[in-house]
Amino acid sequence: MLLQDKVAIITGAGSGMGRAMALSFSREGATVAVADINVNAAIETVLLIQEQNTGKAFVHGVDVSYAKSVQELINDVGEREGKIDIVVNCAGLPQAFTPIEELEEDDWDRLMNVNAKSIFLTAKYAVPYMKKQNQGVILNISSIASERARPGLNAYCASKGAVVVLTKSLALELAPFGIRVNAINPGPANTEMLGKFISANEGEREQLKQDVFLSSIPLGKLIEPEDIAEAALYLCSPHSQKITGTILNVDGGRGI
Ligand SMILES: NC(=O)c1ccc[n+]([C@@H]2O[C@H](COP(=O)([O-])OP(=O)(O)OC[C@H]3O[C@@H](n4cnc5c(N)ncnc54)[C@H](O)[C@@H]3O)[C@@H](O)[C@H]2O)c1
């Protein structure tokens, strides 16, 4: 098994890609801290992991945009398991189309805090464990929107751009300590989040999803959470031990 005896923290693991990664990492032998602001959703993920009957998993509530909450998550897991091998930053918020002059400062701050500041916060508290171990993996979920922006998703694109540059900066800073830092850019994905990028009523949303998102993917299919989990497993496993600072597009060609 690829992650035998590894301890992994996955944020946003109550839904979508985070849940798929939690299931896949635990199948590969990891102990997974299923961390989410939505504790009920995180409990559902743990129940699904228990049904698989592999690995170990437990729930930890967290708001990734608050230092105290992130510190608590990291320290609780570190003390409970004695180490932290992998941190996957998957929690994120979408933005509905908003003309820049109508974007509120609070909305900008919230998107930046949840999507970008969170990567600083988990690194701040997890890196001391990883430095002590002389190894560790950090994986950040950015978006292909960091490379190919969309109109009206101004704050979202900016937050994901920050994730990409922070990934590269941390990869350089932490390489001497055996800590690898990579990111995945998902393309439009078949999760709860996708419809929320569109300002439209429920009825129009499904059609717009096809028109706006599906039509932009050369391979012609939305990305599935399991596609991201496959790539994440590779980037967190020994198979990628010489890979750091990489931004892997899992996007059906959308970024070309
Ligand atoms: N769905 C897409 O099309 C798409 C495309 C590119 C990138 N992404 C990125 O992939 C990641 C996962 O997205 P998804 O599609 O699985 O979304 P999702 O909405 O299914 O899951 C996101 C999870 O993050 C959690 N979360 C939100 N705010 C949080 C906070 N402050 N603290 C802790 N948890 C919080 C939510 O409760 C939810 O469980 C996100 O970072 C998203 O920006 C998504």
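Rings of Phe, Tyr and Trp (for Trp, its six-membered ring) are taken to pair if their centres lie within 6.5 Å, and planes under 30 degrees apart count as stacked, over 60 as edge-to-face and the rest as tilted. This is a predicted model, in which local features need pLDDT of at least 70, side-chain atom pairs count only at pLDDT 80 or more, and totals for chains, interfaces and linings use all residues. Residues are numbered from 1 along each chain as its sequence is written, and side-chain values use heavy atoms, with hydrogens and water left out.

A search of the whole structure finds two aromatic pairs. In one of them, the ring centres of Tyr156 and Phe197 are 4.8 Å apart and the planes stand at 75°, so this pair is edge-to-face. Tyr156 belongs to helix H5 (residues 154-174), while Phe197 sits in the loop between strand S6 (179-186) and helix H6 (202-213), 41 residues away; helices (H or I, at least four residues) and strands (E, at least two) are DSSP runs, numbered from the N terminus. Tyr156 has a relative accessibility of 7% and therefore counts as buried, where buried means under 20% relative accessible area, exposed over 50% and partly exposed in between (1.4 Å probe, protein chains only). Phe197 is also buried, at 11%, and ring pairs link Tyr156, Phe197 and Phe213 into a cluster.

Tyr156 is also among the residues that come nearest to the ligand, together with Ser15, Asp36, Ala189 and Thr191, out of 29 residues around it, each having a heavy atom within 4 Å. A side-chain N or O atom of Asp36 is 2.6 Å from an oxygen atom of the ligand, and a polar backbone atom of Ala189 is 2.8 Å from a ligand oxygen. Taken alone, the ligand exposes 830 Å², of which the protein buries 93%, with areas computed by the Shrake-Rupley method and a 1.4 Å probe.

Turning to charged side chains, the count comes to five salt bridges, each a side-chain nitrogen of Lys or Arg within 4 Å of a carboxyl oxygen of Asp or Glu. Glu44 forms one with Arg19, the closest N and O atoms being 3.7 Å apart; because Glu44 lies in helix H2 and Arg19 in helix H1 (residues 16-27), this pair ties together parts that are 25 residues apart in sequence. Glu44 is partly exposed at 47%, whereas Arg19 is buried at 19%. Lys83 and Asp85 form another salt bridge, at 3.0 Å, and Asp85 is buried with a relative accessible area of 2%.

Terms used. Polar contact = N/O pair within 3.5 Å; in protein donor to acceptor, adjacent residues only side chain to side chain.
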